[in-house]
Amino acid sequence: MKPIGYWLRHNHELLEKAFDRPLGAYHLTRRQWQVLNAVAQGAHTIEQVDEALKPFVTQEGSMARHLGELHHRGWLTPDHQLTAEGRQAHQTIEADARTFRARATNGIDEQDYLTTVRTLERMAENLT
């Protein structure tokens with residue numbers, strides 16, 4: 001049996017690559033989607049978006065560039081609110097994201113999924 005670190009890294013890479021396919025239809029990167037979703041969930045400053053996406057900020061720096069790209073598309077206002085076009089894009093892409101998540105978790109019952117998430121969360125707490 002391979003250790004947890006192997007499976008975490010392997011699944012991370014698989015998720016990144018597999019999610020790029022449906023996002024490609026919108027000419028959107030996974031980070032851009034995550035930023036769009038964070039804004040839709042109430043993060044309206046660069047600091048709030050960075051906090052919501054902290055593990056990715058640690059890896060690649062502030063999400064400010066992605067906010068700018070979404071603003072340039074017309075999906076965000078200057079104060080990082082969704083425009084009407086941004087709300088529509090978020091709803092459409094969110095539906096695809098749900099389909100993707102369902103495919104990724106196919107055959108995993110809800111309790112096992114929640115146990116896995118709680119376990120990973122606890123491991124992160126232990127290591128911080």
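Q32 touches H27, H66, E69 and L70, leaving aside residues up to four places away in sequence; contact here means heavy atoms within 4.5 Å. The model is predicted, so local features need pLDDT of at least 70 and side-chain atom pairs count only at pLDDT 80 or more, while totals for chains, interfaces and linings use all residues. Residues are numbered from 1 along each chain as its sequence is written, and side-chain values use heavy atoms, with hydrogens and water left out.

Q32 sits in helix α2 (residues 30-40). Helices are DSSP runs (H or I, at least four residues), numbered from the N terminus. Q32 is buried, at a relative accessible area of 9%. The cut-offs are under 20% relative accessible area for buried, over 50% for exposed, and partly exposed in between (1.4 Å probe, protein chains only). The side chain of Q32 also reaches the backbone nitrogen of T29 at 2.8 Å. Such a polar contact is a pair of N or O atoms within 3.5 Å; within protein, one must be able to donate a hydrogen and the other to accept it, and residues adjacent in sequence count only if both atoms are side-chain atoms.

Side chains of opposite charge can pair when their charged atoms come close. A salt bridge is defined as a side-chain nitrogen of Lys or Arg within 4 Å of a carboxyl oxygen of Asp or Glu. By this rule there are 5 salt bridges. One of them joins E16 and R30, with the closest N and O atoms 2.4 Å apart. E16 lies in helix α1 and R30 in helix α2, so the pair ties together parts 14 residues apart in sequence. E16 is buried at 14% relative accessibility. R30 is buried too, at 16%. E16, R30 and R31 are linked in a salt-bridge network.

E69, a contact of Q32, forms a salt bridge with R65 (3.3 Å, N to O). Both residues lie in helix α5 (residues 64-72), 4 residues apart, about one turn of the helix. R65 is exposed at 52%, whereas E69 is partly exposed at 26%. In helix α6 (residues 84-104), E94 and R98 are likewise 4 residues apart, about one helical turn. Their closest N and O atoms are 3.7 Å apart in a salt bridge. E94 is partly exposed at 25%, and R98 is partly exposed at 48%.

I4, L8 and L120 make a nonpolar surface patch of about 220 Å². I4 belongs to helix α1 (residues 4-24) and is partly exposed, at 41%.

Methods
Patches are made of residues with over 30% relative accessible area and no salt bridge: like charges are joined within 9 Å, nonpolar side chains (Val, Leu, Ile, Met, Phe, Trp, Tyr) within 5 Å. Accessible areas come from the Shrake-Rupley method with a 1.4 Å probe; for residues, only the protein chains shown count as cover. Helices (H or I, at least four residues) and strands (E, at least two) are DSSP runs, numbered from the N terminus.
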